[in-house]
Amino acid sequence: MALVLVEGAVLTCSHGGRLRLTGGNPHLTVRNKGVLTVGSEVGAAFGSAATPVPGMVAPCACADPTGRPAPCVTTAALPPGQSLKLSVGGTPVLLSTARGVTLPPGAPPGTWSVADPGQNLLEAI
């Protein structure tokens, strides 16, 4: 079993960036934080020291070949990052095992993973 991600969960990229996710689904909450369902992780931009973004905990250090900041952007979670049994409105919830590829603009792909699920009460398979 793995912990279910909720609003406020923190993702980390392979370049040291850390980003707090928002937009939890209010139909299922843990300590008043909506759970994150599959798809809510897609397109999250980490930001850089030069271009911070809302929710940025630490900047992504990725740079393009010219040395300009190229902060990571997340793609969909790879298996086994989603629950097989728990869903909200027919959409599976994301789990602490979620990980995926990042696509920094103009730079080689990296990876992302969960640094903090945002809660420690609800687990799922």
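**View 1. Ile125 lies in the segment after strand S11 (123-124).** Strands (E, at least two residues) are DSSP runs, numbered from the N terminus. The model is predicted: local features need pLDDT of at least 70, side-chain atom pairs count only at pLDDT 80 or more, and totals for chains, interfaces and linings use all residues. Residues are numbered from 1 along each chain as its sequence is written, and side-chain values use heavy atoms, with hydrogens and water left out. Ile125 counts as partly exposed because its relative accessibility is 49%. Partly exposed lies between buried (under 20% relative accessible area) and exposed (over 50%), with a 1.4 Å probe and protein chains only.

**View 2. Met1, Leu84 and Ile125 make a nonpolar surface patch.** The patch covers about 400 Å². Its members need over 30% relative accessible area and no salt bridge, and nonpolar side chains (Val, Leu, Ile, Met, Phe, Trp, Tyr) are joined within 5 Å. A salt bridge is a side-chain nitrogen of Lys or Arg within 4 Å of a carboxyl oxygen of Asp or Glu.

**View 3. Strand S10 (residues 110-116) runs antiparallel to strand S2 (residues 10-13).** Four bridges join S2 and S10. Thr12 has Ser113 as its bridge partner in S10. Strand S9 (residues 99-102) is also antiparallel to S10, again with four bridges. Here Thr102 has Gly110 as its partner. Strands pair if DSSP finds at least two bridges between them.

**View 4. Cys62 is in no disulfide.** The count of disulfides (cysteine sulfur pairs within 2.5 Å) is zero. For Cys62, the nearest cysteine sulfur is that of Cys72, 5.1 Å away. The sulfur of Cys72 is 3.7 Å from its closest cysteine sulfur, in Cys60, too far for a bond. Cys62 is buried at 7% relative accessible area. Cys72 is buried at 0%.

How values were computed: Patches are made of residues with over 30% relative accessible area and no salt bridge: like charges are joined within 9 Å, nonpolar side chains (Val, Leu, Ile, Met, Phe, Trp, Tyr) within 5 Å. Accessible areas come from the Shrake-Rupley method with a 1.4 Å probe; for residues, only the protein chains shown count as cover.
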